[in-house]
Every structure is written in C-alpha cells, then in structure tokens.
Amino acid sequence: MPSGPDDLGLPGAPFDDANAITQPDAAGRAVGPVGGGATGDANPDVPAPHLELKRISKHFGATKALDDVSVRLFPGRVHVLVGENGAGKSTLGKIVGGVLAPNEGELLLRGKVVRFRSPLDALAHGIASIAQELAVVPELTAEQNVFLGAEPRWSGYVRRRELRRRYDALCDAAGFGVPPGAVVGRLRAAEQQKVEILRALARDAELIVLDEPSSSLGKDDVAKLRALIPSLRSRGMTIVLVSHFLGEVLEMADDVSILRDGRLVRTGDAAAETEESLVEAMLGRTLDRSLPERCPPRADAPAVLSVRNLRAHGVNGVSFDVRAGEIVALAGLVGAGRTEVAQAIVGTRRTLSGEVLVAGSPLERRTPRRLLDRGLAMIPESRKEEGLVLDRPVRENAALSVLPVLSRFGYVRRGLERRQVARVLERLDVRTSGADAGTRTLSGGNQQKLLFARVVLSAPLVLVADEPTRGVDVGARRSIHELVIELAREGKGVLLISSDTDEVLAIAHRILVMQGGRIVAELDGSTATEEELVGASLLDRDRAVS
Amino acid sequence: MKSAVEEPLLPLEPGGPAGDGSRGYGAFGRRRIGDLRQSGILIPFIALFIVLSLTNTHFFTGTNLLNVLDQQASTLVAAAGETLVLVTGGLDLSIGAIYVLAGVTAAHFALVTNPTFAILLALLVGLAVGLTNGIVTAVFRVNSLIATLAASYVVIGIAGLATGGNIIDDFTHPSFGNFSRTVFLGVHTSTWVMIFVVVLLGFVLHRTTTGRYMYAAGGNREAAQLAGVRVRQVQILAFACSGVVAALGGVIDTSRVLSSPSVSNEGFGLAFAVLAGVVVGGTSILGGRGAMWRSVVGILFIALIANGFNLLGANPLYETIVLGVLLVAAVAFDSWTRLRQG
C-alpha cells in the first residue's frame, strides 16, 4: 500500500468524486424520515428503514418460495436472514439484490417504491449482492475485476496508474484488501469474495447482500469473510447476511429475520434471540440435542474395509481398518489428504502402491462399479458435480446404482423400481413432491438424503461418505447423523470424511487424524475432545505421534 | 450384491410407516415446473400439419404421406442413432460419411455376391466406424465433434478411393432393391425397417438400463461414474449403434434407388439434416436431455416444410433459410429453459 505523502492526497481524489456522486443520495436519506412520516404510522423514535419489503411473495411454478413476507432493513445495521435450506432466505436475499423480482408485494427504498429489473438496476440504487455463485472474471486481476466496466479511461485506454491509485484508496477505506495484481481465478474463494465486496464498494453501494456460501467455502474462509462485516458496518453500510451458521452470526447481528417454509416466523432485534430460540423457530420444534447412542462394534466384528500402506498423489502411506458396525472418521485440516484417500480407495485417483481390501479380499484396478459389486458404496463430496444427475427425476437418481437388480434382461422393471425407491425415500424422509419430481427442485438437504437413498438401496457392506452434511441445514444434518449411526448399528462399516469437528466428535467411534497425507493420530470418538482433535490436526507430526 | 434389493430393505424404524411403499406416488408423476419443453415441438408440428392439410388437397393423402415417410426412412433411421449419441453427451458428425460408405459397400457387393451378404457387410462397416468413434471419444477422450469430423474425412476418403469417385449402379441386379421396395400391407419395407429401428432404439433409450445409463452419462458424467455406471462402455455403445443405423440408412437408400450415394454430395449433408431434425425436436446437444419421439417429430417437421414448399410451389431456395431460423430458435429455446432453471 503506497503511503507516501504524495500518495496521501491522491487517493482522496476518487473518493471526493465518490462523495460527490453519493451526495444527492445522502440528501435523499436526510429527507427520508420525512417521506417515511408521510406513510403515516412510522414511530418517530425508530429510524426510517433503508429498504422495506412489504408483503413479498415469490413462487416458482407451483412451489411457493416466499409467502407474504414483510421485513424492514435499517440503515447501518446488520440484518441476518436465517432458516433451513429451502426456507426462502436466499430467495429473499435475491429479491433485495434485484436478482429475482417478487410476484407480489413491493420494495420501498427510503420510502419510495422501487422495482429492480436486474442486479445492475439494484446496483444503480446502491444495492449490491455478493452471491453464493461467484461473479468474478477469473482471468483478470483483482484491481481489474474491481473496476471492471468502470475503469478510469482516457479515450479508450485504461489509465493504469490511476486505476491502481483508486484501488489502493478503496482498500484503505474498506479496511481490507487483496493484492491488486493477483489473478482472481487463483485466489481462494474467500479472497474472491473480498474482490466482489470491493467491487460493490467501488460502485458506491450502501446496502450489501451477502449470501453466505454454504457449500463452496470452507468454514475458515467463511469466518474470514465474516470478519469484514464490522468494518463495512462502521462505514455506515446496511448489510443483509444470509447464513447457516447461527452461533457466529448471532454475535454480529443487529436484527434477525427467521424464515420457515417461505413464511416469516418473526423479525426483530437479534439481542432477543439465542441460538436455541433460532433453531426452534427455524424448525418449528425444539431440536432434540441427543443423538442416538453410538453402540461400539462387537469385539469380533470383521474388518469390512482395509487399507494397507496406500500411496497416491497426496497420500503418503496410509493404513487402517474399518470394521463392520464401526464409524471411522478421517479428520484433519483442508489439504491434509482426507479426500485424496477416499479417491484413491474408489479408484478415481491413481494408486501408486498399497492395497485396498473389501470384506477381506484385495481389489485391484478399482472402479466405482467394481467396488459397488463388492459392497463398497460412496457419497461423493459435491452432490451437484459428482453426486446427482440433476436433469433426471428423483426416482432415477435413487435407482442408478442398483438398476441391474431392478431389471430383467436389461429391461427396467418400473413397478419394482417405483416401490423400492418410494420405500427408501420414505424411510430416509426425503421430502419431494413424489418419486418423479425433478431432482433440481429438492433442497440441498433433501438432495443429500437422496444420495443416501441411493447408497442404502445398494445395501453395501461399507460406506465411504465424503462431507455428507456440507451445505445442509440443521434439521437435515441431524437426520443424516442419525442415519449414519443407524447404518452402523445394522452392521455396516462407515468411513466418514469430514472437516466438521462437531460432526466427527458426535458420531465417530474412532477418529484418524491426517496431516500431509499420513495418519498422525488416532483418537477414541467417545472420549476425544475438540481440543484434542484440533490439536492433533495442527501439531507437529512427530510430537503428535509421540 | 445381486440380490440386495429383492430382499426386504433395511428394517424400517419401529412405528414408522411400513407396508405399501408406493403410497402417495401415482403411476404418473406430477408434471414438473418448466415443462413447456415437454410439448415444445408438437404444437408447431401439428399446426403445420393442419395448415398443409387445409391449403393443399394433395397433402393429406395416403400416397403423399407414405411417400414422405418413405423418403425420410434413411434420415429417421440415422436420427434414431444420433439421438442415443446426443443423449449420452456426444455428437456424431460421421453418420453422413458412414451412410455413403455403407451405400457404396452394399452396392458393390450386391453386384459381386448376393444382396444379403452385401447388406450385412455394409452394416459391419458402420459398426466398425462407430466403434472406432466410440473408443476414440470415450477412451482417448477426444472431443466427439472433432473425432467424428476426422472420421468423416477418413471414411469419405475411403469411399472415394473404392469407387474412384463414380456411382455404382445395381440396375442389373434388381433383386437388391427388394430390401427397400417390397410392399407389405401397402407400405414399403424401407418404411417398415425404419419403424422397427426407431421403436427398437426408442425402447432401448426409454425402457432399459442402458438407456438410463445414457441419460445419466450425458447428464452428469462424473456422478454417473461414481454411482457405478460404466460410462465409457455406454458411450462406445451409443456410437456403435449410431454407426450401424447410419449404415442401415445408406443401405435403405441404395436399395431404394439401386445406385450408391454420391461421395461428394452426401458425406456431410445427411449428418447436418439429421442433427437439425434431432435438435429441432428438442433433444439437447449438451447431453442428458431428449427423447426418441422428439427426433421423429423433428425430422418429420423439417420434411413437412420441404413437402409444403414442394406442394405449394414455393421457391425451394427459401427452404434452407426457414430451416436455419428454426434451428436457432430450437436451440435458443433449450438454452432459455436451462437458464430459467438456474
């Protein structure tokens, strides 16, 4: 960051410009309360809302995503939207950001009815959204992305130095930054989102909608991103945060709105809420905190999956057993080699040496199909990219692994298929409008349960589940945990790969902690503490082993 | 794990709903949102059919309609194969070249040996090219557009070399024409063969495990593979089918007119016509979406336009323009529906 005396004056220049541009808005804001007063019932003590959503409804075809929701967003406050997956919180965020238009109801920006035709239109009104799907140009640098389309120009040429000066000034003012010349596609997701936020700031946004990415970002990235919020708020910005992480979010929220099944449960001061009260309101019931008892595998239970000295790219000699009825977790930091082990086991990553035994017999040239035939099924890490065929109905996705059994001479016996699938969907409580519903229409949690339905149908001996609850709401997460425990109780071996410490501690019998492609520690799941687990993941390998 | 599903599934939770698991799921699922594309091509097809019936007395006659079907027999047969390839997530441009080489092979060997042998040999040629396409695409991971374009050049080259650029005629061996020109129940065998192939491949696509795997592989290759689908095998199979039926198309036409297709004219023409029809029908070039009936309606739709131009005496030069506009409209419609689903 250049900070010489020469530079100090110059960074101010673009911001003087910016102020000049926002001046009418500031005036508008000053006039706001008067306008608000004109609408009648506004309490003079309460500031006029920055943006008011009045009786908003939104439906997609027959599905009602939002039903008569009214929320007020106050200036300079952090407003958090919470709810289960599919409750409509993202939809509401998108309506604020102009990504979606409501079917009914209206938006009042400082008391005036507005209608956003696009995110760009919303941005012209000072509202920017940072969405779950990143919208940066990966090939361009951070500064180029930030000023994309608004570059300082001199008859068609970009004034690079001026661009850099403005960028630095912007980072200074925001209180955070990204190296200006960094190619955005090579940055990690949290940094990319910083670029997006800077871009919003460069466009003089006053209200930012942050839809917290639940599946694409790791937990530490989410935390980094969230750390920016106080500095944004101190700039006087209004922030709408769509989030899954209740506890952390509650700390920084000023206001909170809870949604359930597209309806507003309540909206109000965050100080009045606790994590438990939020969960209860989101689910419409109190969440039973206790999971079913983990019953340990029988002492003589045979190993259903054995990995012997497995080496692959990112896997440096890993050996372990999973016994029938046992839940073994592979824990460790991102990049410790957990997913790599899973990939090497199922054959999607080339094995250099070592062997994998399913039910005691070694299996070479492993492919997902051969492993399935031997009794090893897998829940892949990313349900959308590696799990589901989104264009096909629920029924076909559930039956995909067991079609040979559901067919005769290659002809699919659809009656049998329908019965089996309906039964397993019912058992796993996958909420769909029917087995023929489009897979795309399911919420994240139900899509994940659908993957479990596929696995349950194939009746495996061992299940390898990679991040089975990522991007899933609390309710679905709970039922997936119950299901995994139940599967183990029925005698299946489970290899759980998870970066979620709570999850690992809650359901695993045995925890194998990985570092640098090796197993560095083994903990007993019933006695291990979070400190032990985190310690083992972080500590120097030699010390951890001793 | 063969009998896993035949056995009762994992025990249901005590007190949980048991018994008739099919409860609540009707035999026909509720229509999904955004199913505009379900009927997409049917409406314009029926509209065109009615307009032509009303405006021209010669249109809605058995002779004319059967004639249209007969003329389209080879195109429809090839389209059935192309549909499998597209659904699986590939693209087969070599069907025109296979059509030519198979026609040439059949025409030549019908002269020197007997028609049955000639036809079988032509189909084997198609199978060989199709398998090669499949292996190059699935195993060596060459983009199928490029792989089959390359195959087209090679195959047309071979056909050109074999014939010296001439057309082989079988007028001296009219028995070869029996394959297409025999009339059964008032309809040419070429049409019967076409119906058989379309129904057979439609059955494979919509009612068998193979068809399911094709949709899965085309819809999400990665997921299909991890779910235990042998994706490569399915892809190779689709290309092999496409090769055989494209060859069958060549045999049908060669037998119908008793002379081999022209090497210079029809190499790419058929591939484009088939692709246009299949895509206009609503099968996606991005894989994973489509249906056999769509291809049939799409091809016939284009055929009706041609037939209409012919019957109404309109300038046939406009025909290709209309076709081009239609094609873009169909693909734009596909993109639009995808966009709406987000």
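Q: In what order do the 6 strands of the open sheet in chain A run?
A: Happy to start there: in this predicted model, the sheet is open and its pairing is mixed. Strands are DSSP runs of E with at least two residues, numbered from the N terminus, and two of them pair if DSSP finds at least two bridges between them. The order is β6-β9-β10-β3-β11-β12.

Q: Which residue of β11(A) does V82(A) stand opposite?
A: Strand β3 (residues 78–83) of chain A pairs with β11 (residues 255–260) of chain A in the parallel sense, over 5 bridges. Opposite V82(A) stands I258(A).

Q: What angle does the direction of helix α10 of chain A make with that of β11(A)?
A: Angles run from 0 to 180 degrees between N-to-C directions, with axes fitted to C-alpha atoms, for helices over the stretch in contact. Helix α10 (residues 275–283) packs on the sheet and touches β3, β11 and β12 of chain A. Its angle with β11(A) is about 30 degrees.

Q: What pLDDT does chain A average?
A: pLDDT is the predictor's confidence in each residue, from 0 to 100. In chain A, 84% of the residues score at least 70, while over residues 1–42 the pLDDT is below 50. The average is 80.

How values were computed:
Residues are numbered from 1 along each chain as its sequence is written. Chains are lettered from A and ligands numbered from 1 in the order in which they are written. This is a predicted model: local features need pLDDT of at least 70, side-chain atom pairs count only at pLDDT 80 or more; totals for chains, interfaces and linings use all residues. Helices (H or I, at least four residues) and strands (E, at least two) are DSSP runs, numbered from the N terminus. Two residues are in contact if their C-beta atoms, placed from the backbone, lie within 7 Å.
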